[in-house]
Amino acid sequence: MEINESIRQINDISSKSEQIFLQLGNLFPSLLNREGGTSLQELRTMFVALNESDSMSKGKEKILFTDYGAKYNPLFDQLNKKIEDLGKLDKMIAEIKEDSEQMELIALNAMVISIKSGEKGQAFSRITENLQRLSNDMNLFAGKLSEEEAQLLSYINTLKEIFSGILAAQSSLSQKGTSSSNEVKQLLTSVSSPISEMESEISSIYPSIQKAMEGLQLQDMIRQALDHVQKCVQELGRISNPQPGSDEELDFMSFNIALCKLSAEVLKDINNYVAQSAGIFDKNWSGVVEILDNVETEKNEFERRFLSDYSISGENIEKRLNAIIESYKSMIGEFNNYHIVQKDLLHTCQNITERARVIYAVFDNLRPVMSRLHHVRILQQIEVAKNDAIKSVQDSVTDMDNLISSANKSLDAMQQLLEAFIADTGTLLSTFTMSIQKDNENMTQLRTEKNRFFDEIKAAHDQLSSIIQNFIVFPDGFQQKCVTVQQNLQNLKKIETQIDDFIEKLRQNEQELTKQRSVLFSNRGINSWKIKNGKFSDLINRFTITAHKEAAGKIGGFKIEKGAKSGDVTMF
């Protein structure tokens, strides 16, 4: 056996095994390190954030829209009662107009009679002219009241219509919000299960890696044993050849034979350790490979269903996010409509309040007219009492007096009604306006919340585009590391073959040396030999391996230690 070549071979085996275990020792911990983002984690985080934001905005929406109609229905019930009061006002205005028309007619008749009375009836005629003019003024102001009341009713009806529009806008907003929210939840539901299944499958790979890592436990025994073999082989080449036929030659030859045997036995143990280590790796790494294959299948299926351009549109995440984005655009448009209607509502409330004041202002114009009518009525009575020429109009004066009194009563009732209407509607509309402004603030907040969520969805859509381009389910480099582990495991098995080849060379060398020693035995007429050189015994002692201590002891001529565990390596 060429010693230098043998040394090179055993050094190569030692170097390769050390390199394999060193790489595996670095790879396994890095594989067990779960830090580093993956596409699955991005998707999970993205969808969780969307779900939380959607739930938050939906909660605010629910608080704002729930019982919105019920909150304002009492207000409109009270407003309807005020409209009924306006109906009474209608009747009062009609009575005043009728009284004023009757007064005007009576005044006309009285004027005709006074004219016929000639010069004696001139004073009464002038009084009656004033009465006719005042009756006409009253009729005009009553007509103006009717017009303003009709305008007021128109504003109130407009208020109701606008409020109905607000309810419709809110209903549309709520429906669109619910629809968009449902689309988000349906998307989350459809992808959550496949993502969870993949995450579960991926998590199951780590215990298998941990188990496979146990194969590294034998590396120290393999390394130490190989060191002993290296020293044994190196020692074979260090001792110079003794004189042929001498005792030293027999010592040298017997020592080399024993050392070859010892090295071969140690190498057999090393191969057992390598086989055990490879077996542990194989047994558990096959589970890792199976999980990798399963995850790859699930990943491809996930991409096909949810990420591919050829996905069914109902499942493609990008298309569904586009649909949600379009839905939210429509909803944001509804917010604009809502705010426009809200402004109209506030403006109409202001118009109602203003119109009620205008009605009262018109009513205030009736009071002076009524006062002057009373004055003219008294003048009429005085003139009729002192002027016998116009005694025939006494009944007309009495009728006029009754009509003025009736109109005055209507005016008093109208004043009471208008003052109550203005006070009550003012309070009512003030409360309503404050409530509307509060709702407007809440709606602005909701719009801000929806806009923020809308921005999140658009960001998720952009993020998804990046994910689709590089969809990974393991941390960066994980699968390549698994390939490297697999390659190292294959190389470890090759080391078994190398060691077997080297064992065979040692045995061949042992056989060759044994033949040569047999010739020496024959020449000297002996059939056995005990090593006499103490140096050789010391060398055997230095390279003692526990599993083979008994054989080494026989060679070296020293007492063996009992009870040592087979396979342990002892360094001397």
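In the predicted model, Asp 282 and Lys 493 form a salt bridge in which the closest N and O atoms lie 2.8 Å apart. This pair links distant parts of the chain, with Asp 282 placed in helix H7 and Lys 493 in helix H10 (residues 478–524), 211 residues apart.

Asp 54 is buried, with 0% relative accessibility, whereas Lys 185 is partly exposed at 33%. A further salt bridge joins Arg 367 and Asp 412 at 2.6 Å, N to O, and since Arg 367 lies in helix H8 (residues 317–386) and Asp 412 in helix H9 (residues 394–469), it ties together parts that are 45 residues apart in sequence. Lys 144, Glu 148 and Arg 355, in turn, are linked in a network of salt bridges.

With regard to helix packing, H4 (residues 122–203) and H7 (residues 247–307) pack at an angle of about 165°, their axes being 9 Å apart, which makes H4 roughly antiparallel to H7. The crossing of H4 and H7 is left-handed.

On the surface, Leu 105, Leu 108 and Val 112 form a nonpolar patch with about 240 Å² of accessible area together. Val 112 is located in helix H3 (residues 68–116) and is partly exposed, at 39% relative accessibility.

Notes. Residues numbered from 1 in each chain as written. Predicted model: local features only at pLDDT ≥ 70, side-chain atom pairs only at ≥ 80, totals over all residues. Heavy atoms only, no water. Patch = residues over 30% accessible without salt bridge, like charges linked within 9 Å, V, L, I, M, F, W, Y side chains within 5 Å. Areas by Shrake-Rupley, 256 points an atom, 1.4 Å probe, with all protein chains shown as cover. Salt bridge = Lys/Arg side-chain N within 4 Å of Asp/Glu carboxyl O. Helix = DSSP H or I, 4+ residues; strand = E, 2+ residues; numbered from the N terminus. Buried < 20%, exposed > 50% of the residue type's maximum accessible area, 1.4 Å probe, protein only. Axes fitted to C-alpha atoms, helices over the stretch in contact; angles between N-to-C directions. Parallel < 35°, antiparallel > 145°, perpendicular 65-115°, else oblique. Left-handed = near helix turned anticlockwise from the far one by under 90°.
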